[in-house]
Amino acid sequence: MDIKLYLELLISFIKVGAFSFGGGYAALPLIQDEVVTSHNWLDMSEFTNLITISQMTPGPIAINSATFVGIKIAGIPGAIVATIGCVLPACFIVTTLAWLYIKFRKLDTLQGILTTLRPAVVAMIATAGVSILVSSFWGGEDIVLSGIKISAVVIFVICMVLLMKFKMNPILVMLLAGVMNVVYSVAAGVV
């Protein structure tokens, strides 16, 4: 039992839980920084898989990610520690903010603060999206036109059309994307 590892997991996911304003997608750059850049627990390919698994399983992305990383790094105890680390700040912050909001909701200053935070949250979500696209289209390689994975781009475009034009259920689109990738891999002889 490595107490230092559990403590690192706890502190890393306390940071994620404390500073990921705007929901799960806004937490992705923070999670990436902690698990890929700072601690090297996952490489970029594994991080992309983590995002996929976190979206396919029920529950918030940040908590699912914490559980996944914890299990990979330190088994079930690691999953528990990482998940607690991710949830603990949110419980404290939400309880405090709910109390403050109820008490001061009519103040223009509070409304101004909430309005000011919105662009930062959008930027964090956009950063995560671009990072995932780059990883998917180029597989973590150098970003050059000749290195692009055409199959990933085609699947992405088909999924965007299905979601935006035909308003298809996102779960069905994810399943269809997986089927398209398997069919492509079998046809290309990758599998």
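**Figure 1. The largest pocket holds about 1600 Å³ of space.** The model is predicted; local features need pLDDT of at least 70, side-chain atom pairs count only at pLDDT 80 or more, and totals for chains, interfaces and linings use all residues. Of the 38 residues that line this pocket, Thr52, Gln55, Ile132, Ser136 and Ala177 are the closest to its centre. Helices H2 (24-38), H3 (44-56), H5 (108-138), H6 (150-164) and H7 (170-188) each give two or more residues to the lining. By class, the lining has 22 nonpolar, 14 polar and 2 charged residues. A pocket is an open set of points on a 1 Å grid over the protein atoms alone, where a 1.4 Å probe fits, with protein on both sides within 12 Å along at least five of seven lines; lining residues have an atom within 4 Å of a point. Grid points are joined across faces, edges and corners, and the volume is the space filled by probe spheres set on the points. Nonpolar means Ala, Val, Leu, Ile, Met, Phe, Trp, Tyr, Cys and Pro; charged means Asp, Glu, Lys and Arg; the others, Gly among them, are polar.

**Figure 2. The second largest pocket has a volume of about 680 Å³.** Its lining counts 27 residues, and the closest to the centre are Phe21, Gly22, Ile93, Val94 and Leu97. Helix H1 (3-19), helix H4 (61-104) and H5 each supply two or more lining residues. H4 gives the most, with 12 residues. The lining has 21 nonpolar and 6 polar residues, and no charged ones.

Figure 3. A salt bridge is a side-chain nitrogen of Lys or Arg within 4 Å of a carboxyl oxygen of Asp or Glu. Lys4 is exposed, at 58% relative accessible area. Glu8 is partly exposed, at 26%. Buried means under 20% relative accessible area, exposed over 50%, and partly exposed in between (1.4 Å probe, protein chains only).

**Figure 4. A salt bridge joins the side chains of Lys15 and Glu34.** The N to O distance is 3.4 Å. The pair links distant parts of the chain, with Lys15 in helix H1 and Glu34 in helix H2, 19 residues apart. Lys15 is partly exposed, with a relative accessible area of 38%. Glu34 is buried, at 7%.

**Figure 5. The side chains of Lys72 and Glu46 form a salt bridge.** N to O, the distance is 3.3 Å. Lys72 lies in helix H4 and Glu46 in helix H3, so the pair ties together parts that are 26 residues apart in sequence. Lys72 is partly exposed, at 41% relative accessible area. Glu46 counts as partly exposed too, at 26%. The structure holds 3 salt bridges.

**Figure 6. The chain has 7 helices and 0 strands.** Helices (H or I, at least four residues) and strands (E, at least two) are DSSP runs, numbered from the N terminus. The C-alpha atoms fill a box of roughly 60 × 50 × 30 Å, taken along the principal axes. Of the 191 residues, 28% count as buried. Residues are numbered from 1 along each chain as its sequence is written, and side-chain values use heavy atoms, with hydrogens and water left out.
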